[in-house]
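Welcome! Please take a moment to look over the sequence and the model below, and then we will walk through a few of the helices together.

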Amino acid sequence: MQISDNVRGALYMCVSMAGFTINDTFMKAAMQVLPLYQAITLRGILTMVALISLGVITGGLRLRLARRDAGALIVRSLAEVGGTALFLAALVHMPLANLSAILQFLPLAVTLSAALVYGDRIGWRRMLAIVAGFIGVLIIIRPGGDGFDQWSIMGLGAVVCVVIRDLAMRKMSAAVPSVTIAVGAAVSVTAMGALGSLGQGWVAIDLHAGLAIIGAASALIVGYMFAVMVMRVGDISFVAPFRYTSLLWAIVLGWAVFGTWPDFYTSIGAAIVVASGIFTLVREGRLARAAR
């Protein structure tokens, strides 16, 4: 049966989000035994080797870049380092679904930041959606409540880092291969993990932790590959809302693996954030088609 590019793109997006969320699940399991930076280093080495091999095989690995592209890649990689460290540090102590719900604010934050930094125009409808999404995040983290702590702040910090990472992409030319960008991030994150592990120390790796690290690296590579494939098929305004399936994966895996389930307020806040994000993505797609 022949399927349309939009359906294929939606399937690719769902697989990509599943890959990233399964990676998070494996990492959370591994970090029950391994120190944070040791886990980051081990996963990074496996991911880095796989991506570099892929880049060599496909010819997509470029070591020489234009000065502007190199600068943007450095900023993006440093933001990736900060986002990874903050996200995984929070993940050790927070339920998977709660942290994933906070990160669903990312598309809204990118839209607002692009308007502030690059002068992108956003109308009152999308601005209201951003405000609603922020209210949803506040409902999830509940400042002043028992569930609000430094780990929630780290989750928000991870969102800020990823926003900077995505904005840096706007400065990079389309000529830079995706594999080169991914390798730059993988090398930077692995180096950060190795440096951090010098002060944190290493422990012996048992079978379960080793398999969890291998699973995390494999799922991360799958998530990345399908994320690249998504950009090549289908209408982005149709495909992009399927990124929110990551929250469904996080809820199911958090319950199945760790026995956690989001409470009432987290569920309400997540629903508001997701609805606001989908509205914003659909609205941006309509405006882009109208402009064309």
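## The start of helix 9

Which residue caps the N-terminal end of helix 9? It is Asp206, with a side-chain oxygen 3.3 Å from the backbone nitrogen of His208. As you explore, keep in mind that this model is predicted.

Helix 9 itself covers residues 207-230, which makes 24 residues. From its first C-alpha to its last, helix 9 reaches 34 Å, close to the 34 Å expected at 1.5 Å a residue.

Next come some helix pairs. Two packed helices are described by the angle between their axes and the distance between the axes.

Take helix 2 (residues 36-58) and helix 8 (residues 178-200): their axes come within 8 Å and cross at roughly 155°. Angles over 145 degrees count as roughly antiparallel, and therefore helix 2 is roughly antiparallel to helix 8. The crossing of this pair is left-handed. Sorted by class, the residues in the contact of helix 2 with helix 8 are 16 nonpolar and 9 polar, with no charged ones.

## Helix 4 and helix 7

Now find helix 4 (residues 96-103) and helix 7 (residues 150-169). How closely do their axes approach, and at what angle do they cross? The axes come within 9 Å, and the crossing angle is roughly 40°. The two helices are therefore oblique to each other. Helix 4 passes helix 7 in a right-handed crossing.

You can pick out the contact residue by residue. Helix 4 brings Leu99, Ile102 and Leu103, while helix 7 brings Gly155, Leu156 and Val159. By class, this contact of helix 4 with helix 7 has 5 nonpolar residues, 1 polar residue and no charged residues.

## Helix 1 and helix 3

The last pair is helix 1 (residues 5-30) with helix 3 (residues 67-93). Their axes come within 9 Å and cross at roughly 65°, and the crossing is right-handed.

Which residues make this contact? On helix 1 they are Asp24, Met27 and Lys28, and on helix 3 they are Phe87, Leu88, Leu91, Val92 and His93. The contact of helix 1 with helix 3 divides into 5 nonpolar, 1 polar and 2 charged residues.

Note on methods:
Residues are numbered from 1 along each chain as its sequence is written. This is a predicted model: local features need pLDDT of at least 70, side-chain atom pairs count only at pLDDT 80 or more; totals for chains, interfaces and linings use all residues. Side-chain values use heavy atoms; hydrogens and water are left out. Axes are lines fitted to C-alpha atoms, for helices over the stretch in contact, and angles run from 0 to 180 degrees between N-to-C directions. Helices (H or I, at least four residues) and strands (E, at least two) are DSSP runs, numbered from the N terminus. Angles under 35 degrees count as roughly parallel, over 145 as roughly antiparallel, 65 to 115 as roughly perpendicular and the rest as oblique. A crossing is left-handed if the near helix is turned anticlockwise from the far one by less than a right angle, and right-handed if clockwise. Ala, Val, Leu, Ile, Met, Phe, Trp, Tyr, Cys and Pro count as nonpolar, Asp, Glu, Lys and Arg as charged, and the others, Gly among them, as polar. Contact means heavy atoms within 4.5 Å. The expected span of a helix is 1.5 Å times one less than its number of residues. A polar contact is a pair of N or O atoms within 3.5 Å; within protein, one must be able to donate a hydrogen and the other to accept it, and residues adjacent in sequence count only if both atoms are side-chain atoms.
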